[in-house]
Amino acid sequence: MLIEYWSDYTCPFCCIAEARLKKALSQMNLGDRVKLVFKAFELYQEAPQWAERNIVEAMQHTYGISEADARAKVDRIESMARGEGLEFNYGTAHTCNTFDALRVAKYAQTQSEEMLERYSHLMFEDFFAKNLRISDHEVILDAAEKAGMKKSDVKGILDGDRFAKEVRRDEQEGYMLGVRAVPFFAVARKYSIPRLHRDRAVQAGDRPGHCRGRGGIPGS
């Protein structure tokens, strides 16, 4: 069975949903019968390299809510993530541009699924646990090297525009399937799951939610 999923590295629900999906497949012993295919989806194409406001401050600014209300929203997201065993410091993160990180992800995908999985894990960890600027080429290079890529190869990609078309192609495929928010999962291109439910993709339960792009830049 083929499951394609559209994701971005600064989307908390993408990180949570991917962890839940992989855990569910493992628990149901479906890992060998399901092929997961990553699709890039840059949520905020106009995002700066590093937003001035952290996520709590950005929520206050964007939605006109109090600091307490913004903190409560973030706390709920962090609680969901920690329930999946993830280290999550979302409130102190700063939104940043993810295009280059996604270009390297598409390169990793051409090498092996294992390399892509290691790289994606490190990107999520760098952003949500360590609050690093994953638009920074040094941060990307470090993650890529740890994932098994050659630093010189990745530097060449970052210094040019390779794999830009692959990222935009993934997004166009997503738009054709109705993707307007991520995470978004498509099963055999016949069934779409815009939000991944807890434990099983089709089971009702505690939903992680989703991130919407193109409508503003959180943290700007």
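# A walk through a predicted chain

Aspartate 100 touches His137, Ile140 and Leu158, leaving aside residues up to four places away in sequence; touching, or contact, here means heavy atoms within 4.5 Å. This aspartate lies in helix α4. Aspartate 100 counts as buried because its relative accessible area is 19%, and buried means under 20%, exposed over 50% and partly exposed in between (1.4 Å probe, protein chains only).

Before we go further, a word on what you are looking at. This is a predicted model, in which local features need pLDDT of at least 70 and side-chain atom pairs count only at pLDDT 80 or more, while totals for chains, interfaces and linings use all residues. Residues are numbered from 1 along each chain as its sequence is written, and side-chain values use heavy atoms, with hydrogens and water left out.

Now for the overall layout. The chain holds eight helices and six strands; these are DSSP runs numbered from the N terminus, with helices being H or I of at least four residues and strands being E of at least two. Starting at the N terminus, the order of elements is β-α-β-α-α-α-α-α-α-α-β-β-β-β. Of the 220 residues in the chain, 50% are buried. Among contacts with a separation of 6 or more, 74% are between residues 24 or more positions apart.

Let us return to helix α4 and see how it meets a partner. The axes of helix α4 (residues 99-111) and helix α5 (residues 113-129) come within 6 Å and cross at roughly 155°. Here axes are lines fitted to C-alpha atoms, for helices over the stretch in contact, and angles run from 0 to 180 degrees between N-to-C directions. On the α4 side the contact is made by Ala101, Val104, Ala105, Ala108, Gln109 and Gln111, and on the α5 side by Glu113, Met115, Leu116, Tyr119 and Met123. Sorted by class, this contact has eight nonpolar, two polar and one charged residues. In that sorting, Ala, Val, Leu, Ile, Met, Phe, Trp, Tyr, Cys and Pro are nonpolar, Asp, Glu, Lys and Arg are charged, and the others, Gly among them, are polar.

Next, look at the charged side chains. Side chains of opposite charge can pair when their charged atoms come close. A salt bridge is a side-chain nitrogen of Lys or Arg within 4 Å of a carboxyl oxygen of Asp or Glu, and by this rule the count comes to 17 salt bridges. One of them joins glutamate 4 and lysine 39, whose closest N and O atoms are 3.8 Å apart. This pair links distant parts of the chain, with glutamate 4 in strand β1 (residues 2-7) and lysine 39 in strand β2 (residues 35-40), 35 residues apart. Both glutamate 4 and lysine 39 are buried. They also belong to a network of salt bridges that links Glu4, Lys39, Lys106, Asp170 and Glu173.

How far apart are glutamate 78 and arginine 82 along helix α3? They are four residues apart in helix α3 (residues 67-83), so about one helical turn separates them. Glutamate 78 is buried, with a relative accessible area of 6%, whereas arginine 82 is partly exposed at 44%.

Finally, follow the aromatic rings. Rings of Phe, Tyr and Trp (its six-membered ring) pair if their centres lie within 6.5 Å; planes under 30 degrees apart count as stacked, over 60 as edge-to-face and the rest as tilted. By this rule the chain has 13 aromatic pairs. The rings of tyrosine 5 and phenylalanine 185 are stacked, because their centres are 6.0 Å apart and their planes lie at 25°. Tyrosine 5 sits in strand β1 and phenylalanine 185 in strand β4 (residues 184-187), 180 residues apart. Both tyrosine 5 and phenylalanine 185 are buried. The rings of tyrosine 9 and phenylalanine 124 are edge-to-face, because their centres are 5.3 Å apart and their planes lie at 85°. Tyr5, Tyr9, Phe38, Phe88, Tyr90, Tyr119, Phe124, Phe127, Phe128 and Phe185 form one aromatic cluster.
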